[in-house]
Amino acid sequence: MMGNNYEYIISSLPAVSLDWKGAGGTSDSYVDWIRTQLGAEDNRTLDVLLDGFKDENLTEEFYRNALGHGNSFIRNYFTFDLCVRNGKARFLNKAFGMPADQDTINIWDGEFIEAGKLQEALEAEDLITREKNLDDLMWRKIEEITTFNYFDLDVVLAFVAKLHIIYRWLSLDPETGKEMFDKLEAEIRGTFTGVDYKAPEE
């Protein structure tokens, strides 16, 4: 790979469609294609994001490395992820009469400005609504931290992070997952509309 053509990657993402009615690709098929378009350094950054999708990897060491990473999306995404996970653990600890900080990782002492919204999400009456609320919080955070990004690695990482949310819902609730994927496609197209981008003719 001679270099990263972020414009090409981002403009091509919606074109890699899925068969929503049955068997077909998984999020891995998107990630595998993206990998072929990235250089070695960017692939290593993508690896950090993907590692963070696996609960067994979310140790104190992982978060320390992520919060000190050279890529801004990785730092911001996992700072928020850590705050949400700590908040969720404290909420459950209180509900079950456990020590407040049990199963938390306290390595970040900044202000968590979304604490109120997280509390509202956790107080949902049923589990499914709570999980949807939590994913909605994460989705909006991903949008926030890439607000001024257009054609760079952070946009690619944001796509993968949203795709992770979508495929979780496709396994739980296919209709919700489909709606979220349609939203993601619209967002990608909106990025190009907003900057008057024109894909090169084939």
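**Basis.** I worked from a predicted model, in which local features need pLDDT of at least 70 and side-chain atom pairs count only at pLDDT 80 or more, while totals for chains, interfaces and linings use all residues. Residues are numbered from 1 along each chain as its sequence is written, and side-chain values use heavy atoms, with hydrogens and water left out.

**Entry 1: H3 and H5.** I took helices as DSSP runs (H or I, at least four residues), numbered from the N terminus. I looked up helix H3 (residues 40–51) and helix H5 (residues 72–95), whose axes come within 10 Å and cross at roughly 5°. Axes here are lines fitted to C-alpha atoms over the stretch in contact, with angles from 0 to 180 degrees between N-to-C directions. H3 is therefore roughly parallel to H5 (angles under 35 degrees count as such). Thr45, Val48 and Leu49 of H3 meet Phe73, Ile74, Tyr77 and Phe78 of H5; contact means heavy atoms within 4.5 Å. I recorded these contact residues as 6 nonpolar, 1 polar and no charged. Ala, Val, Leu, Ile, Met, Phe, Trp, Tyr, Cys and Pro count as nonpolar, Asp, Glu, Lys and Arg as charged, and the others, Gly among them, as polar.

**Entry 2: Tyr77.** I next followed Tyr77, which is placed in helix H5. Its relative accessibility is 5%, so Tyr77 counts as buried (under 20% relative accessible area, with a 1.4 Å probe and protein chains only). Leaving aside residues up to four places away in sequence, I found that Tyr77 touches Leu49, Phe53, Met138, Ile142, Ile145 and Ala161. Of these I noted Ile145, 68 residues from Tyr77 in sequence, with a C-alpha to C-alpha distance of 7.9 Å.

**Entry 3: the largest pocket.** A pocket is an open set of points on a 1 Å grid over the protein atoms alone, where a 1.4 Å probe fits, with protein on both sides within 12 Å along at least five of seven lines; lining residues have an atom within 4 Å of a point. I noted a volume of about 470 Å³ for the largest pocket, volume being the space filled by probe spheres set on the points. Among its 17 lining residues, Asp81, Arg85, Lys88, Asp135 and Arg168 are the closest to the centre. H5 gives the largest share of the lining, 7 residues; H5, helix H7 (127–145) and helix H8 (153–172) each supply at least two. I recorded the lining as 8 nonpolar, 2 polar and 7 charged.

Definitions and conventions. Angles under 35 degrees count as roughly parallel, over 145 as roughly antiparallel, 65 to 115 as roughly perpendicular and the rest as oblique. Buried means under 20% relative accessible area, exposed over 50%, partly exposed in between (1.4 Å probe, protein chains only).
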